Each structure stands twice: as C-alpha cells, then as structure tokens.
Amino acid sequence: MGKITEEMVRHVAYLSRLEFNDEQIKNFTKQLNNILEYMDKLNELDTSNVEPTSHSVNITNVFREDRVEQPLSVEDALANAPEKEADCFKVPKIIHEY
Amino acid sequence: MNLAEMTAMQLKELLAKGQTSCREIMESVLDEINRREPEVQAFISIRDREELLAEAEAVDQRRQKGEAVGVLAGLPVAIKDNICTKGIPTTCASRMLANFVPPYEATIVERIRAADGIILGKTNMDEFAMGSSTENSAMKITRNPHNPEYVPGGTSGGSAAAVAANETILAIGSDTGGSIRQPAAFCGVVGMKPTYGRVSRYGLIAYGSSLDQIGTITKDVQDTALLLSVIAGHDPKDSTCINAEVPDYLQETKTTKPLRIGVPKEYFGPGLDEEVRKSVENAIELLKEDGHTLDSISLPHTEYAVPAYYIIACAEASSNLARYDGCQYGFRSPGDDNIIDMFTHTRTQGFGEEVKRRIMLGTYALSAGYYDAYYLKAARVRTLIARDFKAAFESYDLVLHPIAPTPAFKIGENIDDPLKMYLGDIYSVIANLVGIPAITVPCGWTSNHLPIGVQLAAKPLDEPTLLSAAYRLESLLHKSGLLTRP
C-alpha cells in the first residue's frame with residue numbers, strides 16, 4: 001500500500017471527529033506510517049480463496065421471547081446526561097438558519 | 001499467614017469450620033489496601049469501609065443462623081473499571097467517563113453478588129482497555145507489586161496488581177488481546193480468558209466486540225475454577241453468549257489424565273527473552289516427567305497475528321467508540337453552539353493519545369478505498385490463523401507457550417514507541433482472534449525477581465481440560481521449588 005500523507009491523516013481525523021494541531025498531525029503521520037508498513041506484512045499471504053472471519057463463534061439469529069420487561073426509568077436514563085431539559089437530552093443546535 | 005494472603009478456597013474452608021469470619025477477612029484485605037495501595041495504586045475507586053464491613057457481617061449473620069450462603073460467601077472481589085457496577089462510578093480510566101455512574105449492573109456483577117461475593121472496588125486499567133502496561137490510564141500509574149519501577153502489565157493491570165499485593169482475594173478483568181493473561185503473568189498470578197461467549201459481556205464497555213471477553217484473575221487455579229463457575233453461563237442480554245451447560249469446573253480441575261500438548265516452535269523464535277524461554281522449558285520438562293506427551297508443532301501463521309489483530313481491534317474500536325459524542329452520558333466540552341464542533345471538541349479533549357491513535361488507525365482501515373486492503377485482508381488472515389489451531393487441536397488437547405516475549409518492563413520504557421508496545425502482544429492476541437480459552441500460570445522468576453508466566457490454550461469450551469492441566473502444572477511447579485521467589 002502507498003504511504004499515508006498528512007492530508008489523509010487530516011481527513012481521517014475529520015471522519016473520526018478528532019482535532020490535532022500541525023505538530024500532532026506530523027507525529028501521527030509518522031507513527032501511522034510505521035504501523036501500517038508493518039501491517040502490510042499481511043500482503044505476503046495469498047488470501048484470494050479464504051473466507052473472512054468476522055466472529056470466532058458461529059452464532060446467527062439469536063432469538064428470545066418478545067416479552068415486556070422493565071426498562072430504565074427516564075430519570076435513570078438521564079442521570080448521566082451532560083445537559084437535559086424536559087425529560088430530553090439537550091444538545092447544541094443541529095439545524096441552523098442560513 | 002494473614003487472611004488476605006490466603007486463597008478463596010482456603011478461606012472458604014476456614015469459614016465453613018467457623019475458624020474465621022467474613023468481617024475478619026474483609027478487615028484483613030482493607031488493612032493490606034492501607035499498607036500497599038499508596039505504592040501499588042491498583043484501584044481507581046474503593047467502596048466505603050463501613051459499607052463493606054456491614055456487607056461482610058450480613059453474610060456472617062446469615063451463616064450463623066444456619067441459612068444457605070453463596071459459593072463466594074462474603075469474599076471480596078475487585079472489578080476492572082470497564083465493567084458496569086450500578087451506582088458505583090465506572091470510568092474506563094478515561095476522562096470521557098470520569099463521572100459516569102452506570103444505571104445498571106453488568107451480568108457478571110449480578111452473578112457475583114448473587115453468589116454472595118462482595119464488590120470491593122474498581123481497578124485501574126489502560127484507557128478503554130487499550131495498551132499493554134496500564135500506563136495509558138488517565139487516572140493513575142499502577143506499579144508492579146514485585147518491583148515498583150516496573151509495569152504490572154495491561155490492560156487489566158489494576159486487577160492483577162491487586163491480587164498479587166493481597167489487596168483483594170479475587171478479581172475480574174477483561175481480555176481483548178491478552179489483557180488478563182499478560183498482566184497476570186507480569187504480576188505472578190493466574191489469569192484466564194474463557195472461550196469467546198462463555199461469559200456474558202452485558203455491561204462490559206465495548207472495545208473490540210469480536211475479541212472482548214471477561215475473565216478471572218486469582219491467586220491459583222482452583223480459585224479460577226471457583227470464580228469461573230460463578231460468572232460463566234448463558235445470558236439472554238448478550239446475544240453473543242453461548243447457550244451451553246456450565247460444567248462443574250472445580251470438580252473438573254481435580255481430574256487428571258495423560259495429555260497431548262503441542263508446543264508451537266514459532267513462539268520460541270528470536271525476540272524471546274532467555275530467562276522466559278528457560279522458565280517455560282522447565283514447565284515443559286515437568287509435564288513430560290509427569291507422563292504427558294509434549295511435541296514441537298508448527299502454527300505457520302503466527303507472525304501474522306499482531307498485524308491482523310491490530311487492524312481488526314482498531315476497526316472495531318473506531319465504531320464502538322463513535323458513541324462517545326457528549327450527548328447522553330460522559331464528558332461534554334462546553335461552550336459550542338454547533339453540534340459538529342461539540343462532537344469534535346468533546347472527543348479531542350475526552351480521549352487520551354493511544355485511544356485516538358487506535359480510532360484513527362481503525363477509521364483509516366475501514367474507510368472507502370482501504371477497507372478491502374486492511375480490514376477484509378485481516379479478517380481473511382484471521383481465518384488462516386484459526387485453521388492453524390483447528391489442525392493442531394485435531395492431534396493435541398492443548399497448546400503451551402510463553403504468554404509474553406519478556407517479563408514486565410520498566411515504567412516508561414515502551415510508552416513512546418507504540419509499535420514496540422504492540423509487538424509485545426505477539427503471543428497473547430491469537431487466543432482472542434481464534435476465540436479459544438487460555439490460562440496463564442506463574443512458572444518461575446527472573447534473576448531480578450520478576451515473575452514469568454506460561455500459557456495453556458484449549459479447544460472452544462474445553463475449559464475443563466484447560467483447568468485440570470493448569471492445576472496439575474501448578475502443583476508440579478510448586479513441588480519442584482521453581483515458584484519459590486529467589
């Protein structure tokens with residue numbers, strides 16, 4: 001694989017909703033390149049006919065009875081909220097006027 | 001010997017004979033905490049002394065009245081701080097969750113309480129269970145009880161150090177790539193990662209969901225069997241939890257039979273510390289003399305485990321940690337009037353450096369154009385690694401090898417070199433990639449008095465064979481004198 005550039009690191013930071021200063025971006029670019037270079041070792045293996053494993057135990061479609069149980073109370077669910085108002089989680093404006 | 005130094009099984013016997021009380025045990029453990037904790041720093045939070053003593057007394061009173069008590073009757077259990085405890089802060093050793101108080105209980109905590117175990121407190125760890133030394137905690141640095149200049153290992157470093165320093169009788173950890181077994185080995189105690197799905201993860205704060213497993217850290221193998229018997233079993237709240245009967249692990253531990261054990265040659269290559277090699281070879285000799293068959297075998301894809309593991313773990317982490325957005329719980333950066341800014345500032349200030357590094361790596365590995373080259377490739381290599389083991393288990397009951405290439409390293413020694421830190425996980429990540437149960441038992445000491453551990457791994461759900469072999473090895477090592485601290 002090609003090398004990861006500072007510009008790509010900035011884009012990945014944006015996707016991750018993380019912010020770094022110029023020096024941190026430089027540092028990350030160097031470290032990520034080192035790590036990714038090591039990970040390229042996997043390309044030594046031919047895996048074209050190998051199925052991927054996403055999970056080590058073969059469990060699919062786990063069902064249980066559809067029973068009404070006691071959910072968390074609104075009070076408990078909101079107890080850790082950074083900000084709340086009228087039984088709701090309060091967040092900054094999502095829709096802005098332009 | 002004071003009570004805090006004893007194993008859970010020894011204490012249960014004294015309690016059954018009326019030779020001690022749960023209150024006395026709790027007092028002894030709290031005394032050890034007062035004595036050792038200022039140096040070791042194993043706990044993030046410890047419950048109120050009076051509350052703990054009252055709970056211990058309540059168990060004593062029930063026993064005196066002749067009422068039935070649970071199998072953990074009044075014994076203190078330390079819980080890693082990434083497992084939710086209702087009403088007790090659960091921080092994941094992160095600024096992000098510094099003030100988080102779970103409104104619900106993890107299933108394993110419910111089970112421990114139902115067995116009359118007493119939750120002692122919450123132990124230190126690498127932030128969000130990412131690291132190999134517990135140095136990535138945003139809360140404090142835990143020190144190895146055998147030498148304070150050395151790390152206790154990680155990420156369950158607090159739980160391992162607490163058991164080794166007699167600051168608890170039993171402890172719970174979590175293991176995504178060796179996070180129970182490596183610190184247990186570094187601290188000279190027994191650590192077990194059960195089969196993926198054997199123990200419910202409901203209430204475990206997720207890191208790498210296809211790898212994470214809750215397990216035990218104890219003073220010996222019998223205590224491991226005891227604690228595993230309490231926490232194992234099906235849980236409808238965790239859809240990845242296997243619905244299979246739980247054997248009587250304590251009984252199984254005591255059965256002995258001649259075993260066929262494979263020793264993978266790839267685990268003894270360059271990079272393995274000489275003292276670790278020698279110590280593990282001693283364990284191999286003892287098992288041979290005891291009549292077991294030990295053969296050198298090959299697991300040819302071993303060298304690809306670390307790169308495959310870090311791609312998969314980081315990819316899963318990047319999506320699991322997307323939930324920390326400052327909306328419903330946890331830290332929120334104040335003062336933003338735009339929600340994207342709030343997300344970004346919250347995550348930038350709330351996460352530590354290693355967590356950010358793994359989110360970045362994982363996001364990159366999953367991003368458009370790179371998914372096939374990294375994530376999918378790693379998932380295919382995971383299949384090849386699993387096939388290696390499947391083949392080995394056709395001829396062998398168990399696989400034995402060192403758990404880490406070195407003993408504990410000095411605090412600060414590897415912290416600036418993330419790749420070097422990752423490579424230290426070379427022997428431990430495979431059990432998680434394959435989903436098999438694995439246990440480490442102490443097998444000797446280095447010349448500078450640090451413990452060395454050896455790992456045994458078994459087929460999925462074959463904890464009975466694993467525990468009986470580990471118990472046998474432990475007693476052989478005791479008899480040989482190799483476990484006597486130099």
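Predicted model: local features only at pLDDT ≥ 70, side-chain atom pairs only at ≥ 80, totals over all residues.
Biologist: Is R332(B) buried or exposed?

Modeller: The cut-off for buried is under 20% relative accessible area. R332(B) has a value of 13%, so R332(B) is buried.

Biologist: Which side chain makes a polar contact with the side chain of R332(B)?

Modeller: R332(B) is in contact with several residues of chain A, including P82(A), K90(A) and V91(A). Within chain B, the backbone oxygen of G326(B) lies 2.7 Å from a polar atom of the R332(B) side chain. The side-chain partner, at 3.1 Å, belongs to chain A: E83(A).

Biologist: Now the cysteines. How many disulfides does the structure hold over all chains?

Modeller: A disulfide is a covalent bond between the sulfur atoms of two cysteines. Take C314(B): its closest cysteine sulfur, in C92(B), is 16 Å away, so the pair is too far apart for a bond. C443(B) is in no disulfide either, with the nearest cysteine sulfur, that of C187(B), 15 Å away. Over all chains, the count is 0.

Biologist: And what is the relative accessibility of C443(B)?

Modeller: C314(B) counts as buried, at 1% relative accessibility. C443(B) counts as buried too. Its relative accessibility is 1%.

Key: Residues numbered from 1 in each chain as written. Chains lettered and ligands numbered in written order. Heavy atoms only, no water. Buried < 20%, exposed > 50% of the residue type's maximum accessible area, 1.4 Å probe, protein only. Polar contact = N/O pair within 3.5 Å; in protein donor to acceptor, adjacent residues only side chain to side chain. Contact = heavy atoms within 4.5 Å. Disulfide = S-S within 2.5 Å. Lists of a residue's contacts leave out its neighbours within four places in sequence.
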